[in-house]
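Dear colleague,

Please find it below, followed by a short account of what was found in it.

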Amino acid sequence: MNLRPLLDAVLDFVYPHIYCVCCGRLLEKKAVHGLCSNCCESMPFVHEPKCSLCGRPMETVQELCRDCKLYGHDYNKALSAFEYSITVRELIHRYKYYGEYSLSRTFAFFMSELLEKSGWEIDYIIPVPLHKNRLKSRGFNQAALLGDYISYRHKIPCLDNILVRTVDTKSQTGFNREKRALNLMNAFMVVRPDAVKGRNILLIDDVYTTGATVDSCSRELHKSGAENVYVLTFAIAVLT
Amino acid sequence: MKGKYEIWVRRPVLWFLAAYIAGLIIYNYMPAKPVYLMLLMSAVLSAGFFLRKRALFPILLILIMLLGSLRVSLFLQRVNPLGPYNGLEVSLQGEIKGAPQVEKDRVIYVLQTAAVKIGESVYPIKTNVKVSVYPNTYGPNSGVRAVYGTGDFIQVNGTIKEPDGPRNPKGFDYKSYLARRSIFSIMSVKEQNVIFIRSGSKLSPERILASVRDRASSVLEQAVGGSEGNFLKAVILGQRWLIEPETEDDFTRTGLAHILAVSGLHVGYLVMLLSLIQSMLKLRKGAAMLLQAAVLLFYCFLTGASPSATRAVVMALIYLAGKALGRKSDIINNAGTAAFLILLFRPMDIFELSFQLSFLAVCSIGLFAEPIQNVLRFMPKKVASLIAAGLSAQLGTLPLTIYYFNLISPVSILANLVVLPVLGIVTAGGFLLIPLGMALPVTAVYAAIPIRLLSSLILLVTEFAADLPNAYIRVASPSVFTLVIAFLLIWMISRERPGFIRRPSIACIALIVLFLAVQLVADLTAPRELKLVFLDVGQGDCCFIQTPDRKNILIDGGGQAGVDTGEKVLLPFLLKNGISALDLVIMSHGHDDHISGLQPVLKQLRTKAFMEYPPLEKTPAYQELIHTVREKGIRVISAARGQTYRVGNETWLHVLYPDDSSAHALYQGNENNLSLVLLLECGDASVLFTGDIEKGVEYYLTGRMKRTASVLKVPHHGSSTSSTEAFLDAVSPQAAIIQSGINLFGHPHPQTLDRLKERNIEVYRNDLQGAVTLKFRDGKWYIQTMMNNTNLDNDN
């Protein structure tokens, strides 16, 4: 029996969402995602035109963005809900570094809306894993919480014991494209290849910058025989 | 299923809480058998199965309401197992529960009995008895201290008594107060009647708490001591009874009483202190959380788990749990959840003043602290947040403090501004001082110096503020309807007002108009009746009269040695019954048991006129009283025989006695014989007030009675030296009221009672029945007493 909805209902009862997660003002009664209408309107949704591969917003209508044309990707398709603006960055920092786990629901809400529109056929959801040292110091995996919620919404199993991070990589922040890719070389491993063989996988992460992380994961998944690998992230950096 | 996940409806817990509280309160005033409640519950439950899902929410609410009623019903059903032995000499054997309370002249233990010996038989009765132990000898050095501790087994021999309910209308209900604490009997004994049996197990949780409490309290005693030490013990350890009553009055009058209760402020500091410790020890999150929770619970029980302390600790636990779960906790929802949890376990707490005040305070902090803090941005943040919390708490609790304490203190805002930041330092310092004192007693004495100075600063500021002219104003209790309107107004000006209200100013005006309209209608439709309340002031006279056109008259004010009758009985009675001004105050004669209680009334309430027959012997009480009358510029009326005053619409006061010549003849050196004898006449009703007249005056009056009276206030508290047969025959009342209390004169005298009985006069006695209320409406008397209510329909 799945106790999750019950637990969530109890927690919602004790800790309801009353104020906008972004600006702190009172929420309207019908606000469904923890954002007030003002904040919701000013959130930088990713609009068309966007790259058909990595989902990055573009200035002009094109098939692929510059990055995808130049380097290509190891996953099949990626989508992100928001541009990585200052507001979004602040929210993500509050979520990741200040322990406001409850923000995961706001994030995941927009992600699952996006997933619904995408029309992807997904067998399993796999959140991008953290190395166990990092997991210990942070206390939770930000991607796993998002994955959990989306799994719950879409009734797709979320498996977090298939892909592991074997190398405690340095933080990607401040690295350029090459260094990022290098940093993540062979950082992931599929421990149960049979589970992903011939399946369509959805990778979940919080931020997409160059795609190095999800590429690295996708490579491993493809090696293990995954049919298609899709990527869904909350925010995507805009190239300048 | 998809949509259901998004339950962002605001604070549903408040709906459940409201339903539950409604259940508690409704049942308390309209009790039914628990069986019916359970039947009703199952009926609603089964109805829920047949109805559509849409009705789920209301049905849940009804169920929760019934659950509330059930909780109260189980509570009210309990009977006093010692009830049948009320007033008997018994021996109790049992264990001392909780901390002994050391007061000025006695120690109070709560005894959980294991065996009760009545006569020669022993019964295994388990109940709680509040035992007050007085020293064997009276005197300043009789040395009151707690000889026995928590968990000790003792035997007490004494007379078992049931506590009194309210003795005057809207008076303090001691019986329910104790019943809410599961105490049904009381006993007062001297030390020599207490026998030690054995001390309790050292390892029981209660015993451990008690020993920590004792050690902490002795640290404060040694390091700080004096009245500052007692203040700290009250503030930090919850031993509020150590505060002198006068000091406590000062705190109440300056709107600072809230700082004497262990509450959110303390718990806040404790959480801060613990976070500091855990960050120093580099504890893991889970372990730290458990440690914090354990310490908070320990502190809650250490301070006696008072409603305000429990509230603060439960709210802190919910907050901490939210932090662990990554959930933001909202102060009002948190308060609602805490209230619901507490009331599930202690349903009767809803009737506790400190519970109500504590939750109101915290809710209004949730509503108003932030806006106030924004105004105070020029201050340091910590100070500003303390002050904002204090001010908003005051705003939210104002209607209730007026209702309960009948006070408005203009100095309160200023006093809080000064005292709250200082109190913050004192509390934090006190928390640090206790472990320091346990480890290094000598160092603690020096460390305590600043804390001691700051505590005495608080005490001095409070005393100074309370003594300022117009520091506080006495106001009458508003009606419950007024309270509701006041709370709605406060709600409207907050940012959380209901969504459909666009402009709060219009909503406020609408509320005020509604209020005035309802007041007007209530005023017009209220029954026109003559009302008399013979108050129970112990041994002494006091009668409050309200004429059909709402003129308020007071005859005498009682007064007993060692009791401030005016402050403790008379003023609360008047103010709580909505009377803040008097049209006429009458003094029957100048003895203390008739006028002492008038002094604070004349001083604090607006009074139009004062009637007397000037006494020949000017007692100190009389001199003080007449001084106040002159000071306040109250019109003095010298009454004399033959005069008639129109005191209200169709209400007359005839003065039957004395005039100068008769007084001269009948005085005999006894002030009692100068008592004003007054006949109140209103339509067909007539009441004769006789003060303390003796035989001689009665003989004088007997021949001169022009008419009979339907009600007689029996002269001189029912003494045998008055109420002569001839006088009673001449007055020939249907009902007689004897105003007496515990006394050494043998009032009322059995002979008097016999004489009244022989004449088939209904007798009502303050000493047995508490206050007696008489109403005369449409030619009929309606008589009610506070205790053993007996109704009397008497055709006039």
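The notes that follow concern the contact between two chains and then one residue.

Please bear in mind that this is a predicted model.

The interface between the chains

The contact draws 30 residues from chain A and 27 residues from chain B. Together, chain B and chain A bury about 3000 Å², and 56% of that area lies on carbon and sulfur atoms. The size of an interface is often expressed as the accessible area lost when the parts come together.

One salt bridge is found across the interface of chain B and chain A. Its partners are A:Asp12 and B:Arg327, whose closest N and O atoms are 3.0 Å apart. Five residue pairs are in polar contact across the interface of chain B and chain A, with both residues at pLDDT 80 or more.

On the side of chain B that touches chain A, the elements giving two or more residues are helix 1 (12-29), helix 10 (307-325) and helix 11 (331-345) of chain B. Helix 10 of chain B gives the most, with five residues. By type, the residues on this side of chain B comprise twelve nonpolar, ten charged and five polar.

The residue B:Gln394

B:Gln394 belongs to helix 13 of chain B, which spans residues 381-405. Its relative accessible area is 15%; because this is under 20%, B:Gln394 counts as buried. Apart from neighbours within four places in sequence, B:Gln394 is in contact with B:Gly255, B:Ser412, B:Ile413 and B:Asn416.

With kind regards

Definitions and conventions. Residues are numbered from 1 along each chain as its sequence is written. Chains are lettered from A and ligands numbered from 1 in the order in which they are written. This is a predicted model: local features need pLDDT of at least 70, side-chain atom pairs count only at pLDDT 80 or more; totals for chains, interfaces and linings use all residues. Side-chain values use heavy atoms; hydrogens and water are left out. Contact means heavy atoms within 4.5 Å. Buried area is the accessible area (1.4 Å probe) that two parts lose on being put together, summed over both. A salt bridge is a side-chain nitrogen of Lys or Arg within 4 Å of a carboxyl oxygen of Asp or Glu. A polar contact is a pair of N or O atoms within 3.5 Å; within protein, one must be able to donate a hydrogen and the other to accept it, and residues adjacent in sequence count only if both atoms are side-chain atoms. Helices (H or I, at least four residues) and strands (E, at least two) are DSSP runs, numbered from the N terminus. Ala, Val, Leu, Ile, Met, Phe, Trp, Tyr, Cys and Pro count as nonpolar, Asp, Glu, Lys and Arg as charged, and the others, Gly among them, as polar. Buried means under 20% relative accessible area, exposed over 50%, partly exposed in between (1.4 Å probe, protein chains only).
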